[in-house]
Amino acid sequence: MNEYKYDDLYLGLTESFEYIVTQERMDLFRELSGDVNPLHNDAAFAQSKGFDDKVVYGLLSASLISRLGGVLLPGKYCLIQQVQCKFPSPAYVGDTLSVSGVVEELNDTVRQAVIGVTIKNQFNRKIVKAKLFVGFLGES
Amino acid sequence: MDREALYVKLNEVFRDVFDDDSIVVCDTTTADDIEDWDSLEHINLVVAVEKKFGIKFNMGEVNNFKNVGEMVDAILLKI
């Protein structure tokens, strides 16, 4: 786990990791969230709506932002204040997602970092585009 | 920029941050007057004001503004 504090950060600092979406992880997310919508659970339904297969829960993909902030950037002292999120393309079970965060803005007065987050699949297609606004434990 | 012109710009910031076009702030406005003005939105407000006016507050002053009028006083000293 990284332990960046506000003063350690600089514009352009980047952290990343990969994540494979498995059916087991989809099942766990369905259990946690209670979202039984057929788009995520019924391949025939999803295909009838124009998708290749069952669509991975957008918020399962977006949940990786929690890991990015809480473990890598900034890590231990992270206090997530706000997330702005878009889902430009669907992800499917079996996809390998590349999660990347880059420090885009440092707001000194309020000790807040704004991290641009991009999650892409193995074909380099953007699955999630987000901005993560974080404060720092013990600094506010 | 005079105080009146500053308020025109400041109202734009408040309306944008709080997503409420009916907001009109004045010297005596406080967080108690705007329902969504909590500690998180205060951070967003400070950042938005700094960007709008091209200024930087210091941490001490943003925590000590008693009302919008004191924020305006600080802005006028910095622009």
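Student: Among contacts in chain B between residues at least 6 apart in sequence, what percentage join residues at least 24 apart?

Tutor: Two residues are in contact if their C-beta atoms, placed from the backbone, lie within 7 Å. In chain B, 57% of the contacts between residues at least 6 apart in sequence join residues at least 24 apart. Please note that this is a predicted model, in which local features need pLDDT of at least 70 and side-chain atom pairs count only at pLDDT 80 or more, while totals for chains, interfaces and linings use all residues. Residues are numbered from 1 along each chain as its sequence is written, and chains are lettered from A and ligands numbered from 1 in the order in which they are written.

Student: How many helices and strands does chain B have?

Tutor: Helices (H or I, at least four residues) and strands (E, at least two) are DSSP runs, numbered from the N terminus. Chain B has four helices and zero strands, giving the pattern α-α-α-α along its sequence.

Student: What radius of gyration does chain B have?

Tutor: The radius of gyration is taken over C-alpha atoms, and the globule rule is 2.2 Å times the number of residues to the power 0.38. For 79 residues a compact globule would have a value near 12 Å, and the 11 Å of chain B agrees with this. Along the principal axes, the C-alpha atoms of chain B fill a box of roughly 30 × 25 × 20 Å.

Student: How is the packing of α1(B) and α2(B) described?

Tutor: Two packed helices are described by the angle between their axes and the distance between the axes. Axes are lines fitted to C-alpha atoms, for helices over the stretch in contact, and angles run from 0 to 180 degrees between N-to-C directions. Helix α1 (residues 3–17) and helix α2 (residues 39–53) of chain B pack at about 140°, with axes 10 Å apart. Angles under 35 degrees count as roughly parallel, over 145 as roughly antiparallel, 65 to 115 as roughly perpendicular and the rest as oblique; α1(B) and α2(B) are therefore oblique to each other. On the α1(B) side, the residues that meet α2(B) are Lys9(B), Val13(B), Asp16(B) and Val17(B). Their counterparts in α2(B) include Leu45(B) and Ala48(B).

Student: At what angle do the axes of α1(B) and α4(B) cross?

Tutor: The axes of α1(B) and helix α4 (residues 68–78) of chain B cross at roughly 110° and come within 11 Å. That makes α1(B) roughly perpendicular to α4(B). Arg3(B), Leu6(B) and Leu10(B) of α1(B) make the contact with Val72(B), Ile75(B) and Leu76(B) of α4(B).

Student: How many residues of chain B are in contact with chain A?

Tutor: Ten residues of chain B are in contact with seven residues of chain A. Helix α2(B) gives the most to that side of chain B, with five residues.

Student: Which backbone features of chain A deserve attention?

Tutor: Most residues other than glycine have a negative phi, and most peptide bonds are trans. The peptide bond from Leu73(A) to Pro74(A) is cis, with omega near 10°. Arg111(A), not a glycine, has a positive phi of about 50°, and Asn124(A), also not a glycine, has one of about 70°.

Student: Is Asn124(A) buried or exposed?

Tutor: A residue is buried if 20 or more other C-beta atoms lie within 10 Å of its own, exposed if 12 or fewer, and partly exposed in between, with C-beta atoms placed from the backbone. Asn124(A) has 7 C-beta neighbours inside 10 Å and counts as exposed, whereas Arg111(A), with 18, counts as partly exposed.
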